[in-house]
Amino acid sequence: MKPEHHLTVNEIFYSLQGESLYAGLPCVFVRLTGCSLRCSYCDTTYAYKDGRTMSISDVLDQVRAWNCRLVEITGGEPLDQQHTPELITRFLDVGYTVLMETNGTIDIRLADSRCIKIMDVKCPGSGESEKNDLENLNRLGPKDELKFVITDHRDYEFAKNLLADKWPLGFPVPVLFSAAWPSLAPAKLAAWILADNLPVRLQVQLHKILWPSEDRGR
Ligand code: SF4
């Protein structure tokens, strides 16, 4: 019998998907512990270290209890843990739609190609833009999504120019722009996008609108 692999899990919860083309759908979130970045706007600092060890089978059992076929593997940074790819494949093999939020610094091919990657490119305002692995842009599949968290106009210009340089004839994947809370008002970001007629999708952080006073489990 193969040994059962384990992960460090910060929290597992059921909520609405908030920041992708799947926004608004009920989803079970598996938040894994650990991230090698320290973004200026990070709202999950509690996931840097806190967590409990769980076997992959235990994670699947806990998620199954919600009877929801959409699961998101998030963090922290999921790919920082060695056995995350196996967790993703196990969910896919029993019929789940699996989203993975990743910070874009680790080769996304580690995760099963059937998994939908929602990948960040870090802008200068994060303080971590030097760590982007821009080769990951070439590894995105047609179901994947690319996300930029924008803190100010410099970040907006960074994202716009990077996209124009990389894909002058049009983007091969949906591109999401999200205003960093609370430093940039979404309406300001909307005005910049409209002024440039940029074919990106403005994201608002749904959980911050629905549950403004709750930091965790949302
Ligand atoms: S990559 Fe995500 S979890 Fe890691 S520091 Fe940045 S915002 Fe926080």
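In what order do the nine strands of the open sheet stand? The order is 3-1-2-4-5-6-7-8-9, and the pairing is mixed. This is a predicted model: local features need pLDDT of at least 70, side-chain atom pairs count only at pLDDT 80 or more, and totals for chains, interfaces and linings use all residues. Residues are numbered from 1 along each chain as its sequence is written.

**The sheet**
- Strands (E, at least two residues) and helices (H or I, at least four) are DSSP runs, numbered from the N terminus.
- Two strands pair if DSSP finds at least two bridges between them.
- Strand 3 (52-55) and strand 9 (201-203) are the edges; each has a single partner strand, so one side of each lacks a neighbour in the sheet.
- From one strand to the next, the twist averages 35 degrees. Axes are lines fitted to C-alpha atoms, for helices over the stretch in contact, and angles run from 0 to 180 degrees between N-to-C directions.

**Strand 7 and its partners**
- Strand 7 (residues 145-150) runs parallel to strand 8 (residues 175-179), joined by five bridges. Ile150 stands opposite Ala179 in strand 8.
- Helix 3 (residues 153-166) packs on the sheet and touches strand 6 (116-121), strand 7 and strand 8. Its direction makes about 155 degrees with that of strand 7.
- Strand 6 also runs parallel to strand 7, through four bridges. Ile118 has Glu145 as its bridge partner in strand 7.
- Six of the six residues of strand 7 are buried (20 or more other C-beta atoms within 10 Å of their own, with C-beta atoms placed from the backbone).
- Glu145, Lys147 and Val149 cover one side, with Leu146, Phe148 and Ile150 on the other.

**The nonpolar core**
- A nonpolar core is a set of buried Ala, Val, Leu, Ile, Met, Phe, Trp, Tyr and Cys residues joined through C-beta atoms within 7 Å.
- The largest one has 38 residues; Val71, Ile73, Ile88, Val98, Met100 and Ile150 touch the most other members.
- Strand 2 (residues 26-32) gives the largest share, five residues.
- Beyond four places in sequence, Ile73 is in contact (C-beta atoms, placed from the backbone, within 7 Å) with residues including Val30, Leu32, Val98 and Met100.

**Leu32**
- Leu32 lies in strand 2. It is buried, with 27 other C-beta atoms within 10 Å.
- Among the residues Leu32 touches, not counting those up to four places away, are Leu7, Val9, Ile73 and Pro78.
- Leu32 and Arg201 are 169 residues apart along the chain, and 27 Å separates their C-alpha atoms.

Technical notes: Contact = placed C-beta atoms within 7 Å. Buried ≥ 20, exposed ≤ 12 C-beta atoms within 10 Å, placed from the backbone.
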